[in-house]
Amino acid sequence: MTNATITGWGKALPPSVLTNSDLEKIMDTSDEWITSRSGIKERRISHVETSDMATIAGFRALAAAGLEPSDIDLIIVATCSPDTLIPSAAAYVQAKLGATNAAAVDLNAACSGFIYSLVFGANMIRGGTNRRVLVIGAEKLHSYIDFTDRSTSVLFGDGAGAVVLEPTEGDEGLLSSELGMDGESAEFLCIPGFGTVGDRVPDLPSEVGVQMDGQEVFRRAVTMMGDSSVRVVEEAGLDFEDVDILIPHQANQRIIDATARRIKLASDQVFMNIHAYGNTSAATIPIALTEALEQGRIRPGANIVFAAFGGGLSW
């Protein structure tokens, strides 16, 4: 049976770095306070739009796969921070890539967006609708940050990562998946004042800023990321001894550590780069995957678990 497998990968990270020491100069915080609560030391700030970062990551993923933009027939951009609501960021990416044969669409599942897009893209290949799918996670989150709120402003950064999906008849590829949503708890992580529920022209940034109940999100993230990881490993017919690496959403080091403990993985089986980039929402997993490959942490035939939790509340 036809499956879908990752054949290319790439990332795009802005050169501008915002460190914890920089944040100390504009708000009541400290490097020790931020690091002890999140594991974050610095994050990137983009001077270009979300679609620009997505396009660079897309070009690099195509190069890794040995493909041209014209080979792609579907582009999915996972983002909650598109350049514009209409058209989609994916429309800009399609044009900037020159991927004239590709349909293009945005998907917003916040921090879970890349995994949602990966599953959707894989199923389009499995169903025979598409042959080659470019899946991109890209965010310019500093646009939504209220830098007077130290509880959220220290957490987020900008960046993009991408993968190419192609069909395979072998044993490799997407073995199992679980997507979920707890919409009744959506208010625990939101950006109010943006969309039809807000004013037509809200005052920025306080009325269009990330608002989060950190304790509730932490508790649910640990539970759902851990439980869903157990279920997909079992569904794939594997044991956790068969898992080579967990690449989790990079939201908070304590969440990652707690998730690893919940599914009994050693620290060397978990990839983390949150210290360098903070939470880039839908971009965290493809960036981390690319860096894990660059560092030789992933070999052919490796069993990889992706896990994420984010706004919605999605997992």
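Helix α5 gives the most to the lining of the second largest pocket, with five residues. The structure described here is a predicted model.

At least two lining residues come from each of β1 (3-12), α5 (113-126), α7, α10 (284-294) and β11 (304-307). By class, the lining of the second largest pocket holds 28 nonpolar, nine polar and four charged residues.

### The largest pocket

Two or more lining residues are given by each of α2 (31-38), β5 (103-107), α6 (150-153), β8 (189-190), α7 (214-235) and α8 (253-262). Which element gives the most to the lining of the largest pocket? Helix α7 does, with six residues. The lining of the largest pocket divides into 31 nonpolar, 15 polar and three charged residues.

### The cavity

Rolling a probe the size of a water molecule over the atoms shows where empty space is left. In this model the count comes to one cavity of 30 Å³ or more. The space in the largest cavity is about 30 Å³. Its lining consists of Q250, N273, Y277, G278, T280, T284 and I287. Of these lining residues, two are nonpolar, five are polar and none is charged.

| Space | Volume |
|---|---|
| Largest cavity | about 30 Å³ |

### Helices α3 and α4

Two packed helices are described by the angle between their axes and the distance between the axes. For helix α3 (residues 50-65) and helix α4 (residues 89-97), the axes come within 9 Å and cross at roughly 50°. Helices α3 and α4 are therefore oblique to each other. The crossing of α3 past α4 is right-handed. On the α3 side, the contact is made by S51, D52, A54, T55, G58, F59 and L62. On the α4 side, it is made by A89, Y92, V93, K96 and L97. By class, the residues of this contact are seven nonpolar, three polar and two charged.

### Backbone sites

Most residues other than glycine have a negative phi, and most peptide bonds are trans. The following sites are described by these angles.

The peptide bond from I86 to P87 is cis, and its omega is near 0°. P87 is in the loop between β4 (74-78) and α4. Where is L313 placed? L313 is in the segment after β11, and a cis peptide bond with omega of about -5° joins G312 to L313.

Residue A110 has a phi near 55°, a positive value in a residue other than glycine. The loop between β5 and α5 contains A110.

Technical notes:
Residues numbered from 1 in each chain as written. Predicted model: local features only at pLDDT ≥ 70, side-chain atom pairs only at ≥ 80, totals over all residues. Heavy atoms only, no water. Axes fitted to C-alpha atoms, helices over the stretch in contact; angles between N-to-C directions. Helix = DSSP H or I, 4+ residues; strand = E, 2+ residues; numbered from the N terminus. Parallel < 35°, antiparallel > 145°, perpendicular 65-115°, else oblique. Left-handed = near helix turned anticlockwise from the far one by under 90°. Contact = heavy atoms within 4.5 Å. Nonpolar A, V, L, I, M, F, W, Y, C, P; charged D, E, K, R; others polar. 1 Å grid on protein atoms, 1.4 Å probe; cavity = no way out; pocket = protein on both sides within 12 Å on 5 of 7 lines; lining within 4 Å. Points joined across faces, edges and corners; volume = space filled by probe spheres on them.
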